[in-house]
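These notebook entries record what I looked up in the structure shown below. I begin with the pocket and then turn to the core and the chain.

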Amino acid sequence: MSARRSLVWLGLTPEPEQELPAAVAALRSPAAGRPPSALVAAERHRVERLVLRGTQRGWLRYLREVTDLVVRAAGSRTTDPKAALLAGEVVLDHHRMLIGLPGAGYDRTALQRHELERALARLRERPEPALVGPCEPWSTI
């Protein structure tokens, strides 16, 4: 490893490494529901490789991809918003924390923060799915 390579970005927060693989796999999955375990494992491996051998620039490129997936999900009425909400919130929190690090990471992610804020607002505005099953508990009184 080069002595010139900055590793300060690795200390930001562990949430992206923990939360993003399953959420991103769900967003990349062609079928609704739980993503295939192989897709989750591949995403986990990609994140692990970026963290262990990558650079901040490569990591931010990956988070740009995740941002694009969240924005696309926010514009789709058929996508389950849960994975998009989780991924969007994790990336937005990460990008907000970049303000405390040296370098231009915070400035480089300004557009993504704006896109994520808009996408998350749209996802949160979606109506809850209709309940299937018994009526509300108070209706049986």
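**Entry 1: pocket.** I looked up the lining of the largest pocket and found 15 residues, of which Ala26, Leu27, Ser29, Thr79 and Asp80 lie nearest its centre. I note that helix 1 (15-28) and helix 3 (56-74) are the elements that give two or more residues to this lining. Helix 3 provides the largest share, 3 residues. By class, I recorded 9 nonpolar, 4 polar and 2 charged lining residues. Here Ala, Val, Leu, Ile, Met, Phe, Trp, Tyr, Cys and Pro count as nonpolar, Asp, Glu, Lys and Arg as charged, and the others, Gly among them, as polar. The space in this pocket is about 400 Å³. A pocket, on a 1 Å grid over the protein atoms alone, is an open set of points where a 1.4 Å probe fits, with protein on both sides within 12 Å along at least five of seven lines; lining residues have an atom within 4 Å of a point. Points are joined across faces, edges and corners, and the volume is the space filled by probe spheres set on them.

**Entry 2: basis.** The model is predicted: local features need pLDDT of at least 70, side-chain atom pairs count only at pLDDT 80 or more, and totals for chains, interfaces and linings use all residues. Residues are numbered from 1 along each chain as its sequence is written, and side-chain values use heavy atoms, with hydrogens and water left out.

**Entry 3: core.** I found 29 residues in the largest nonpolar core, and those with the most contacts inside it are Leu20, Leu27, Tyr62, Val66 and Val70. Such a core is a set of buried Ala, Val, Leu, Ile, Met, Phe, Trp, Tyr and Cys residues joined through side-chain atoms within 4.5 Å. Helix 3 gives the largest share of this core, 9 residues. For Val66, leaving aside neighbours within four places in sequence, I listed contacts with Leu20, Val24, Ala87 and Val91 (contact means heavy atoms within 4.5 Å).

**Entry 4: Leu50.** I located Leu50 in helix 2 (residues 37-53). Leu50 counts as buried because its relative accessibility is 16% (buried means under 20% relative accessible area, with a 1.4 Å probe and protein chains only).

**Entry 5: chain.** I counted 6 helices and 0 strands (DSSP runs, helices being H or I of at least four residues and strands E of at least two, numbered from the N terminus). Of the 141 residues, 37% count as buried.

How values were computed
Buried < 20%, exposed > 50% of the residue type's maximum accessible area, 1.4 Å probe, protein only.
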